[in-house]
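Colleague: I have not worked with this model before. Please take one part of it, the place where the chains meet, and go through it closely, with enough of the surroundings for me to find my way.

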Amino acid sequence: MMITIDMINFTPFSAFCGGILIGIAVILFFISTGRLAGISGIVNNTLTNTRNWLSNFLFLIGLVLGPTFYVFILNNDIPFFMTSSLPLIIIGGILVGFGTKIGSGCTSGHGICGISRFSIRSIVATITFIILAMITVALLKLLGFV
Amino acid sequence: MMNKIFSLLSGSIFGIGLTVSSMTNPAKVIGFLNITDKWDPSLMFVMIGAIAISAPFFYLLRNKSKPFFDLNFETPNITIIDKKLILGASMFGIGWGMVGFCPGPAIASLALLKPLSIIFVIAMASGFYMSKFVKIDN
């Protein structure tokens, strides 16, 4: 199989800078609260657990305030295109919630925090979800859903 | 008090990071997952950037006894790779591929007030609740 790189949309610099900010946020959260910034865990705990509730809730508020500040105060225009149909969005959302709960993490918890701590569990989880997501996109394209 | 301020601060920086890197744009994420057509490898650089910062710091902090504003570090100590991990990661991967949203960017994109993001976040929250009613036997 030949892989064709999409050079027009390739933005390694901004991606890398965003990644650096995410890394700083992970460490800042860890060194101040002692916890890992896995977003699925934080959302799930905010909904179902009273422990550290305010701290988790404020992290999520920040997660929305950060982009709000970046877009509306600093006036950056950020693209947003969501091409999936409504049923796909709903089923996909349920799978993301359900899957990250039983798999104990998402892109941030396993993909960034876990890999950075050299956790084999997280490396396995990350490879699994990236491969499955790639297969899903390929299948949906093949079947003409997206 | 300080840990609340730092939670808000780290959440905000995390959110700006997701926005700067375009993770909040589902089409960009789909472009990264789309290896059979035209592949946009940008998002690999998000992970590289994040890990380049967090891995060395986690290493440097490994012997620190407690965080600045809380009693102790809470890190997972499970090491087994079980069916739950694989099943959960697979389901998450399928959902991620269907939409192009994982939990962080989905929440961060609420800032843009897009109805479809809000629907996704509600569906995701229901997924969390549903998992309470399913028992997975390892």
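**Where the chains meet**

Modeller: A:Ile5 has B:Trp39 as its bridge partner, and B:Trp39 lies in strand 1 of chain B. Everything here comes from a predicted model. The predictor gives the complex an ipTM of 0.96 and a pTM of 0.96. For chain B the mean pLDDT is 94, with 99% of its residues at 70 or more.

In total, 103 residues of chain B are in contact with 101 residues of chain A. On the chain B side, at least two residues each are supplied by helix 1 (2-20), helix 2 (26-33), strand 1 (38-39), helix 3 (42-60), helix 4 (83-99), helix 5 (103-108) and helix 6 (115-130). Helix 1 of chain B gives the most to that side, with 18 residues. Sorted by class, the side of chain B that touches chain A has 63 nonpolar, 31 polar and nine charged residues.

Helix 1 of chain B deserves a separate look. Of its 19 residues, 15 are buried, and the helix is mostly covered. Its length can be checked: at 1.5 Å a residue, 19 residues should span 27 Å, and because the end C-alpha atoms are 27 Å apart, the two figures agree. Just after helix 1 of chain B, B:Ser22 takes a positive phi of about 70°.

Now the other chain. Chain A has six helices and one strand, which follow the pattern β-α-α-α-α-α-α along the sequence. Its C-alpha atoms fill a box of roughly 45 × 40 × 35 Å along the principal axes. Chain A has 146 residues, of which 53% count as buried. Of the contacts in chain A between residues at least 6 apart in sequence, 42% join residues at least 24 apart.

The nonpolar core brings the chains into one picture. The largest nonpolar core has 73 residues, and A:Ile22, A:Ala25 and A:Val26 have the most contacts inside it. Helix 1 of chain A, residues 12-33, gives the most to this core, with eleven residues. Beyond its neighbours within four places in sequence, A:Ile22 is in contact with A:Ile112 and with B:Phe14, B:Gly17, B:Leu18, B:Val46 and B:Ala50.

B:Ile119 is in helix 6 of chain B and counts as partly exposed, because it has 15 C-beta neighbours inside 10 Å. Residues up to four places away in sequence aside, B:Ile119 touches A:Ile89 and A:Ile90. Its C-alpha atom is 10.0 Å from that of B:Ala106, a residue 13 places from B:Ile119 along the chain.

A:Ile42 sits in helix 2 of chain A, residues 39-48. A:Ile42 is buried, because 28 other C-beta atoms lie within 10 Å and 20 or more are enough to count as buried. Leaving out residues up to four places away in sequence, A:Ile42 touches A:Asn56, A:Phe59 and A:Leu60.

Methods
Residues are numbered from 1 along each chain as its sequence is written. Chains are lettered from A and ligands numbered from 1 in the order in which they are written. This is a predicted model: local features need pLDDT of at least 70, side-chain atom pairs count only at pLDDT 80 or more; totals for chains, interfaces and linings use all residues. Two residues are in contact if their C-beta atoms, placed from the backbone, lie within 7 Å. Helices (H or I, at least four residues) and strands (E, at least two) are DSSP runs, numbered from the N terminus. Ala, Val, Leu, Ile, Met, Phe, Trp, Tyr, Cys and Pro count as nonpolar, Asp, Glu, Lys and Arg as charged, and the others, Gly among them, as polar. Two strands pair if DSSP finds at least two bridges between them. A nonpolar core is a set of buried Ala, Val, Leu, Ile, Met, Phe, Trp, Tyr and Cys residues joined through C-beta atoms within 7 Å. A residue is buried if 20 or more other C-beta atoms lie within 10 Å of its own, exposed if 12 or fewer, and partly exposed in between; C-beta atoms are placed from the backbone. The expected span of a helix is 1.5 Å times one less than its number of residues. pLDDT is the predictor's confidence in each residue, from 0 to 100.
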